[in-house]
Amino acid sequence: MAINWIETEIIEHKRWTDVLASLKFKGKVQPYTAGQFTKVGLKIDGELISRPYSYVSSPNDDFLEIVYVKVPDGKLTPALSDLNVGDKLFAMEKASGFFVMSEVPDGEDLWMLATGTGLGVFISLLKTKEPWDRFRNIVLVHGVRAADELTYKTQIDDFTSSFGERFSYIPTVTREKKDGCLNLRIPAGLKNKDFQKIAKLDITKKSQVMICGNPDMINDTVKLLEKDGLERNRRSKPGNITLEKYW
Ligand SMILES: Cc1cc2nc3c(=O)[nH]c(=O)nc-3n(C[C@H](O)[C@H](O)[C@H](O)COP(=O)(O)OP(=O)(O)OC[C@H]3O[C@@H](n4cnc5c(N)ncnc54)[C@H](O)[C@@H]3O)c2cc1C
């Protein structure tokens with residue numbers, strides 16, 4: 001189906017590190033659901049180059065937001081990185097995707113496992129009421145290589161203030177030691193039960209697990225969870241594991 005492109009305007013470009021940044025922009029896109037992605041694009045050498053990005057913003061926000069990593073030799077992200085406030089960016093009029101709460105079956109507790117920029121989609125989901133209304137406890141695990149990639153801490157602190165013991169945030173940094181953070185990959189943290197101990201929750205067939213980010217992390221995590229009897233969630237057969245791969 002042909003994409004209807006909307007011209008939007010950059011209102012903020014927050015640089016977390018040399019290669020990791022968030023873009024806020026404004027434009028008349030159609031209402032979307034938390035967890036969906038848009039495509040953003042730029043004219044490069046006369047051709048519109050676009051890629052999908054999950055919204056970090058939530059439907060109630062009065063701005064649109066994505067978080068991206070500048071991929072060396074990437075076709076789009078080096079150009080995104082050059083954008084300044086006031087510059088134009090094309091975005092899809094209508095968002096897409098099924099990594100949304102209505103696709104996640106009911107359960108007792110909700111685990112959200114993210115690496116890198118995969119955190120963004122969970123920020124969008126957690127800004128809405130639905131996960132909090134439907135699940136007793138929520139655990140957000142964010143895996144990054146370096147501590148300066150632990151983004152959206154202010155927003156995460158707001159969730160902690162609002163939901164107290166119902167919410168656990170577990171940052172894990174693989175390539176350096178950092179106070180207050182674990183120092184292992186997400187599959188290792190699940191296998192050792194380090195995450196479960198910190199959250200004081202087990203992962204059982206009554207849990208729902210959403211996973212987003214690096215495909216190796218996703219594949220390894222799914223294999224582990226399947227060993228414990230959890231199953232991929234499919235429309236034809238509801239399960240416990242809902243995922244979104246970025247590449
Ligand atoms: C549904 C969906 C949602 C996505 N949401 C996001 C998002 O919120 N944020 C985001 O940064 N990317 C996201 N992506 C990936 C994004 O669409 C692009 O692939 C990425 O930004 C690279 O674009 P590029 O043109 O610069 O690189 P390309 O020339 O297209 O090179 C692609 C290569 O870049 C690498 N790569 C792609 N994405 C990432 C990443 N996030 N972190 C590290 N390496 C990566 C992989 O090696 C991939 O093979 C999403 C992809 C999908 C399918």
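Lys193 sits in the loop that links helix H5 (186-191) to helix H6 (194-199); helices here (H or I, at least four residues) and strands (E, at least two) are DSSP runs, numbered from the N terminus. This is a predicted model, in which local features need pLDDT of at least 70 and side-chain atom pairs count only at pLDDT 80 or more, while totals for chains, interfaces and linings use all residues. Residues are numbered from 1 along each chain as its sequence is written. The chain splits into domain 1 (5-92) and domain 2 (101-245), with bounds that come from an automatic or database domain assignment.

**Loop residues worth a look**

- Lys193 is not a glycine, yet its phi is positive, at about 70 degrees.
- Lys193 is exposed, with 12 other C-beta atoms within 10 Å. For this label, a residue is buried if 20 or more other C-beta atoms lie within 10 Å of its own, exposed if 12 or fewer, and partly exposed in between, with C-beta atoms placed from the backbone.
- Tyr152, in the loop between E8 and helix H4 (153-163), also belongs to a residue type other than glycine and has a positive phi near 60 degrees.
- Tyr152 has 19 other C-beta atoms within 10 Å and is therefore partly exposed.
- Ser96 lies in the loop between strand E6 (88-92) and E7, and its 13 C-beta neighbours inside 10 Å make it partly exposed.
- Leaving aside residues up to four places away in sequence, Ser96 touches Gln36 and Phe37; such a contact means that the C-beta atoms, placed from the backbone, lie within 7 Å.
- Between the C-alpha atoms of Ser96 and Lys197 there are 36 Å, and the two residues are 101 apart along the chain.

**The antiparallel sheet**

- Six strands make an open sheet in the order E4-E3-E6-E1-E2-E5, with antiparallel pairing; two strands pair if DSSP finds at least two bridges between them.
- E4 and E5 are the edge strands, each with a single partner, so one side of each has no neighbour in the sheet.
- On average, neighbouring strands of this sheet are turned by 40 degrees against each other, direction ignored. Behind such angles are axes, lines fitted to C-alpha atoms (for helices over the stretch in contact), with angles from 0 to 180 degrees between N-to-C directions.
- Strand E3 (residues 37-44) and strand E4 (residues 47-54) run antiparallel and are joined by 8 bridges, with Leu42 opposite Ile49 in E4.
- The hairpin of E3 and E4 has 2 residues between the strands, and Asp45 there takes a positive phi near 50 degrees.
- Strand E1 (residues 5-15) pairs with E6 over 5 bridges in the antiparallel sense, and Ile6 stands opposite Ala91 in E6.

- A second open sheet holds 5 strands in the order E9-E8-E7-E10-E11, paired in parallel.
- Its edges are strand E9 (167-173) and strand E11 (241-245); each has a single partner strand, so one side of each is left without a neighbour in the sheet.
- Neighbouring strands of this sheet are turned by 10 degrees against each other on average, direction ignored.
- Strand E8 (residues 137-144) runs parallel to E9, joined by 7 bridges, and Val139 has Ser168 as its bridge partner in E9.
- Helix H2 (residues 119-126) packs on the sheet and touches strand E7 (109-115), E8, strand E10 (208-213) and E11, with its direction at about 145 degrees to that of E7.
- H2 is largely enclosed by the rest of the structure, because 8 of its 8 residues are buried; among them are Phe122 and Ile123.

- The C-alpha centres of the two domains lie 24 Å apart, and the contact takes 14 residues from domain 1 and 13 residues from domain 2.
- On the side of domain 1 that touches domain 2, strand E5 (residues 64-69) gives the most, with 4 residues.
- That side of domain 1 has 9 nonpolar, 5 polar and no charged residues. Ala, Val, Leu, Ile, Met, Phe, Trp, Tyr, Cys and Pro count as nonpolar, Asp, Glu, Lys and Arg as charged, and the others, Gly among them, as polar.

**The ligand shell**

- The ligand is surrounded by 21 residues, the closest being Arg51, Gly74, Leu76, Thr77 and Thr117; a residue is near a molecule if its C-beta atom, placed from the backbone, lies within 6 Å of it.
- The shell divides into 11 nonpolar, 7 polar and 3 charged residues, and E4 and E5 each supply at least two residues.
- Both domain 1 and domain 2 give residues to the shell around the ligand, so the ligand lies between them.

Definitions and conventions
Two residues are in contact if their C-beta atoms, placed from the backbone, lie within 7 Å.
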